[in-house]
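Here is a short briefing for a first look at this structure. Keep the sequence and the 3D view at hand while reading.

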Amino acid sequence: MSITATQEEFDPVALRQKYDEERQKRLRRDGNEQYQEMKGDFSYFMDDPYVVEPISRAPLEDEVDVVIVGGGLGGLLAGARLREAGVEDIRVIEKASDFGGTWYWNRYPGAACDIEAYTYLPLLEELGYIPPRKYADAPEILSHCQKIAKKYRLYDNACMQTEVQKFIWDEATRRWTIFTNRDDKIKARFVLMVNGPLNRPKLPGIKGISRFKGHTFHTSRWDYNYTGGDAHGNLSGLKNKRVGIIGTGATAIQCVSFLGDAAKQLYVFQRTPSGVDVRNDRPTDMQWANDLAPGWQKKRQKDFTAVLSGRGGRRGENDQLDQFDDAWVEMGKIYRRRMREAGSGVQRSDIAGIYELSNFEKMENVRNRVDEIVKDKTVAEALKPYYAFMCKRPCLDDRYLPTFNRDNVQLVDTNGQGVEAITENGVVVDGVEYEVDCLIFATGFEVGTDYTRRAGYDMIGVDGISLDEKWRNGMISYFGMHSHGFPNCLLIGNGQAAFTANYPDALDEGAKHSAYLIKHFLDHDITRVDVTESVEQQWTAEVVGTKAVTVMGGSSCTPGYYNLEGQHDPRSRYNQPYGGMLGANDYFAKLEAFREADKMPGLILS
Ligand code: NDP
């Protein structure tokens, strides 16, 4: 079997070359170093604009069984699963003033989730909640987070507006001491780190960035006092303002249309276009919802993860794929159709080619959509993504592209080079200064920097060893959860663990596993739990050995945070998820097998 360019509506050879050109154009030696950390003169960008009432309290010097760091979806799920297991003495520590994590911080206009709410919003059956629409917006998700916190009594004993500064292990008492910015010295038998993968916003290291004299903020700290309005738009404060937004990732795709509606003039500074797919949000079919059988959500979540890992429908279980109907699964459906068309003569060696053609077809659909919507042909061409599906976060949005038909909106494409400079009055691209009153950074979050830098604290384990030092050259762990020399400490994240675009699914697996472990330790009066060095070496070798990392880093991908800015940093193989971007279900199966064995293999208990 062979497919030639002439059988296709696109030219695979030309596309392969174009993808590579777009990648080469953007590769830069400084990789992740190109970004500016939000500290020192830039630390004000991190201030919390959403605090309703600043908390004033005396420092705590007490003890709890379990401290959970982070009150986002991961911390909430960990708390919920611990409560279900019967663990009572829990304290959540969170720097924000409420639960919600990413949904606490990201309140920009248009903020919403583009994974369907039926799989994304956790604990729907436990809370007896059916989302009213296919996609949930940020206020609905934040409210759902708060409902989880209430149901599982996680507000009790929580420390909000509190930042952890350091953990120190005390071998004599077999306790961690947690030091915070409020001078707390809290002791805990077990600590659970759930910091979130995108919790630390970043700025581009553009020349002159500190010179700008106008108003400025990052999208994760939206200044509604300045713009007016709320997450649903109506930004009346921008009526007479010239606004610039730097970045065109998933966040910008959602908020740009609201800026376009409100501002006198909007400049969108683009380095790489996002692929913007159909959203087609709609009310929930209540007949469908009423017919759902108990256990439906877990099954749906697992099916969705299977589909995203390229497994949906593999064993003839076509409903796994067919129950979903949005842009996330289109690629899988194209691939299935092409495999059918290839017929029984298809050889193993044909599969990579069929996959590549499916990917080209999927992205051609995305590019054709731009032509259908954007009237100006030059602008439309600049908005087309030339890279493979899943090189960057796919976006589902029906408002972004039409915004470029407005007279007050201008796309400033930087031809992959990024903004040249920032001046007192505006932004320079290709020697042209665009004057703005307000400059918004939609420039994302730190990924791939050291764990402790992103977490904002270090851990000092056995014999004074620091986690920062131990992981300087990359993560070493067992299941991404335990690290030798850091007893009684569990981590829930994606490094050496699971990644799936429906991230709460991965968080919940980590939460269930942590609850199983902690409940066992407490019930059996186990006061010290560490992992053997040999088992963490084995696990780390298995993670490092996976080839899947190249799926997002190959010549068909422009740089970005999915592939560590296209750099071949050896640490990335250590810090990647188990099985790369495709191993989530295998990882979940490994955790389940561990629990079923019921013998705590690889752990040293005393
Ligand atoms: P991203 O990291 O995805 O985007 C940052 C943007 O800034 C990119 O377009 C990047 O360009 C651009 N940029 C960086 N430096 C420069 C520069 N010097 N000049 C010009 N542009 C520059 O951050 P987001 O906040 O958009 O999204 C982060 C993640 O949050 C998403 O990937 C997704 O996982 C999540 N998210 C999820 C949503 C959901 O629906 N569930 C909604 C919104 C966000 P380049 O691409 O060239 O690097």
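This is a predicted model: local features need pLDDT of at least 70, side-chain atom pairs count only at pLDDT 80 or more; totals for chains, interfaces and linings use all residues.

Residues are numbered from 1 along each chain as its sequence is written, and side-chain values use heavy atoms, with hydrogens and water left out.

**Domains**

- Domain 1 covers 63–199 + 447–546 + 583–605, and domain 2 covers 203–274 + 392–441.
- These bounds come from an automatic or database domain assignment.
- The centres of domain 1 and domain 2, taken over C-alpha atoms, lie 34 Å apart.

**Where the domains meet**

- Contact here means heavy atoms within 4.5 Å.
- On that basis, 13 residues of domain 1 touch 19 residues of domain 2.
- Buried area is the accessible area (1.4 Å probe) that two parts lose on being put together, summed over both.
- Domain 1 and domain 2 bury about 1300 Å² between them, and 52% of it is on carbon and sulfur atoms.
- In domain 1, Tyr 108, Pro 109 and Asp 114 lose the most area to domain 2, together 50% of what that side buries.
- Six residue pairs are in polar contact between domain 1 and domain 2, both residues being at pLDDT 80 or more.
- A polar contact is a pair of N or O atoms within 3.5 Å; within protein, one must be able to donate a hydrogen and the other to accept it, and residues adjacent in sequence count only if both atoms are side-chain atoms.

**Salt bridges**

- A salt bridge is a side-chain nitrogen of Lys or Arg within 4 Å of a carboxyl oxygen of Asp or Glu.
- The count between domain 1 and domain 2 is one salt bridge.
- Asp 114 forms a salt bridge with Arg 393, with 2.6 Å between the closest N and O atoms.
- The structure as a whole holds 48 salt bridges.
- One of them joins Arg 91 and Asp 62, whose closest N and O atoms are 2.8 Å apart.
- This pair links distant parts of the chain, 29 residues apart: Arg 91 sits in strand β3 (residues 90–93), and Asp 62 in the loop between β1 (35–36) and β2 (63–69).

**A three-stranded sheet**

- Strands (E, at least two residues) are DSSP runs, numbered from the N terminus.
- Two strands pair if DSSP finds at least two bridges between them.
- An open, antiparallel sheet has the strand order β14-β15-β16.
- β14 (421–422) and β16 (432–435) are the edges; each has a single partner strand, so one side of each has no neighbour in the sheet.
- Two bridges join β14 to β15, and Ala 421 has Val 428 as its bridge partner in β15.
- A hairpin of three residues connects β14 to β15.
- β15 (residues 426–429) pairs with β16 over four bridges.
- Val 429 has Val 432 of β16 as its bridge partner, while Val 428 stands opposite Glu 433.
- The β15 and β16 hairpin has two residues between the strands, and Asp 430 in the turn has a positive phi of about 55°.
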